[in-house]
Amino acid sequence: MKKIISLILAIACCQISLFAQELNPNQESFEFDAIIFKSDVLDQSRIDVYALVPYQTLNFLTADNIYGAKYSLNINVFDSTDKLVYGKTIERVLRESDYFTTIGGTGKFDYVQHRIDIAPGNYRIKVVLQDKISNLSFDKSRSITALDFYDYSFSLSGLMVVSSIEEISGKYKITPHISDNISTLKDGWFAFFETYNDSTEMQVDFVFQIVDKDNKVVVGNNRISMTIQHGRTQHYLQIPYKPSMTAGTYALRVFALTPSDKQDFSPSEFLAITQRSISNLPTLGSYVVSNIDDAIAEMAYVAQSDDIKFIKDAPDEEEKTRRFYNFWKQIDPTTGTDVNEAFEQYYMRINFANKNFKSSYKGWQTHKGKVYTIFGAPAKVEQYQSSSMDGRYYEQWTYAGGREFIFYDASGFGDFRLYRPYDVTEKYTYQN
């Protein structure tokens with residue numbers, strides 16, 4: 001064994017920068033939403049774009065005990081032929097005096113709102129966030145239909161998810177929930193929308209529904225009768241939190257109906273319909289769990305087999321999710337904050353492994369994925385080719401303190417296996 005290792009190390013080597021684009025342990029990108037409203041400009045619609053940028057997404061530099069970050073938000077609108085019809089770049093500079101805040105310890109974020117008047121049509125809105133310090137960029141897109149509201153005597157705007165409504169001096173202050181994910185809104189939430197009525201005062205019944213991918217109604221209400229004045233009117237429908245909703249994607253629909261005493265309704269009663277996508281994806285801190293079963297399987301490097309079995313054996317999805325989060329709460333290094341650093345660091349490593357170490361297995365299941373998840377990014381990575389007949393490639397990871405892992409390409413197609421040591425028995429522990 002020692003002789004072979006010496007031979008490998010004697011061969012010409014090169015250092016590679018595989019981990020140059022690794023995200024910070026608590027890195028999360030950003031949220032954005034786009035809602036369609038009737039514009040004050042004749043024959044135009046208005047798109048309100050909202051963006052929420054968590055501080056932990058950004059890199060802060062320090063000078064004279066002040067931490068600063070700078071980013072740009074590029075808002076681009078493409079028509080149905082994918083032609084760019086609108087573009088706007090917004091530059092933001094942030095300053096903080098507290099380091100803990102800059103790494104997401106207080107859950108602070110920067111908020112941007114931008115309005116666009118646009119002709120009716122189908123559009124794709126793409127928002128690109130670029131960190132000016134790290135040069136890392138993140139992008140998200142969503143599709144939207146801009147109605148010609150001026151063609152209808154009665155119509156509904158798009159739907160906004162609102163987490164809370166507060167009355168101040170007879171006026172209402174709303175807090176938009178800039179995300180499709182409603183899983184954190186345990187006290188319920190509101191669907192905000194506007195009505196546009198070109199006729200005189202009228203009575204309208206409203207019904208909301210949350211439907212799953214099979215078009216099955218999982219949450220709904222009875223008719224709510226309202227008097228709609230002429231012109232533009234704002235409305236809020238209160239929607240209860242339903243713990244039994246399984247993880248997944250849903251559609252939120254609001255129907256405006258002709259008044260009736262019966263509770264069921266048919267398309268012949270429709271005055272207008274508006275809808276949007278929402279999701280119910282469990283979160284811990286700012287990290288979203290899109291598939292609870294995958295997340296449980298990925299706990300192999302942090303939990304004992306008995307812990308994983310206990311979570312898997314839960315009688316239903318709700319209890320399974322509760323057991324999963326209880327496990328992570330027990331190893332949260334900062335229990336008094338909104339962020340569980342261990343949870344986020346671990347699954348950021350899992351995600352990185354899945355993207356970079358894929359072979360015939362998922363990235364986290366490979367030997368590289370295992371080492372990376374448990375120990376994080378190495379301080380140095382070097383690659384060698386054997387001078388023997390097989391000409392195999394070897395890769396050496398060196399960590400602070402001198403610990404080394406050597407992998408070899410077993411198949412010649414990037415399927416790297418541990419060469420020394422043969423295996424890793426340690427479990428993941430949070431590394432600040």
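Analyst: Let's start with one residue. Arg232 is partly exposed, with a relative accessible area of 35%. Buried means under 20% relative accessible area, exposed means over 50%, and partly exposed is in between (1.4 Å probe, protein chains only).

User: What kind of model is this, and how are residues numbered?

Analyst: It is a predicted model, where local features need pLDDT of at least 70 and side-chain atom pairs count only at pLDDT 80 or more, while totals for chains, interfaces and linings use all residues. Residues are numbered from 1 along each chain as its sequence is written, and side-chain values use heavy atoms, leaving out hydrogens and water.

User: Back to Arg232. Which residue does it form a salt bridge with?

Analyst: Asp40. The closest N and O atoms of the two are 3.2 Å apart. Arg232 sits in strand S17 (residues 231–239), and Asp40 is in the loop between strands S2 (31–38) and S3 (45–54). They are 192 residues apart, so the pair links distant parts of the chain. Asp40 is exposed, at 71% relative accessible area.

User: What counts as a salt bridge?

Analyst: A side-chain nitrogen of Lys or Arg within 4 Å of a carboxyl oxygen of Asp or Glu. Side chains of opposite charge can pair when their charged atoms come close.

User: How many are there in the whole structure?

Analyst: A search finds 28 salt bridges. One of them joins Glu319 and Arg322, at 2.6 Å from N to O. Both residues belong to helix H5 (residues 317–330). They are three residues apart, so about one helical turn separates them.

User: Is Glu319 buried or exposed?

Analyst: Buried, at 18% relative accessibility.

User: Give me another pair.

Analyst: Arg417 and Asp415, with the closest N and O atoms 2.9 Å apart. Arg417 is partly exposed at 33%, and Asp415 is buried at 11%. Salt bridges that share partners also join Asp33, Arg142, Asp180 and Arg276 into one network.

User: New topic. How many helices and strands are there?

Analyst: Seven helices and 25 strands. These are DSSP runs numbered from the N terminus: H or I of at least four residues for helices, E of at least two for strands.

User: What about H6? How far does it reach?

Analyst: H6 covers residues 341–356, 16 residues in total. From first C-alpha to last it reaches 22 Å, close to the 22 Å expected at 1.5 Å a residue. That expected span is 1.5 Å times one less than the number of residues.

User: Why call H6 largely enclosed?

Analyst: Because 13 of its 16 residues are buried.

User: What caps its N-terminal end?

Analyst: Asn340 does. One of its side-chain oxygens lies 3.2 Å from the backbone nitrogen of Ala342.

User: Now the inside. Which residues touch the most others in the largest nonpolar core?

Analyst: Phe32, Ile47, Tyr71, Leu73, Ile125 and Val127, out of 41 residues. Another core lies apart from it, with 36 residues, including Trp328 and Tyr372. A nonpolar core is a set of buried Ala, Val, Leu, Ile, Met, Phe, Trp, Tyr and Cys residues joined through side-chain atoms within 4.5 Å.

User: And overall, how much of the protein is buried?

Analyst: Buried residues make up 47% of the 432 residues. The C-alpha atoms fill a box of roughly 90 × 50 × 45 Å, taken along the principal axes.

Note on methods:
A polar contact is a pair of N or O atoms within 3.5 Å; within protein, one must be able to donate a hydrogen and the other to accept it, and residues adjacent in sequence count only if both atoms are side-chain atoms.
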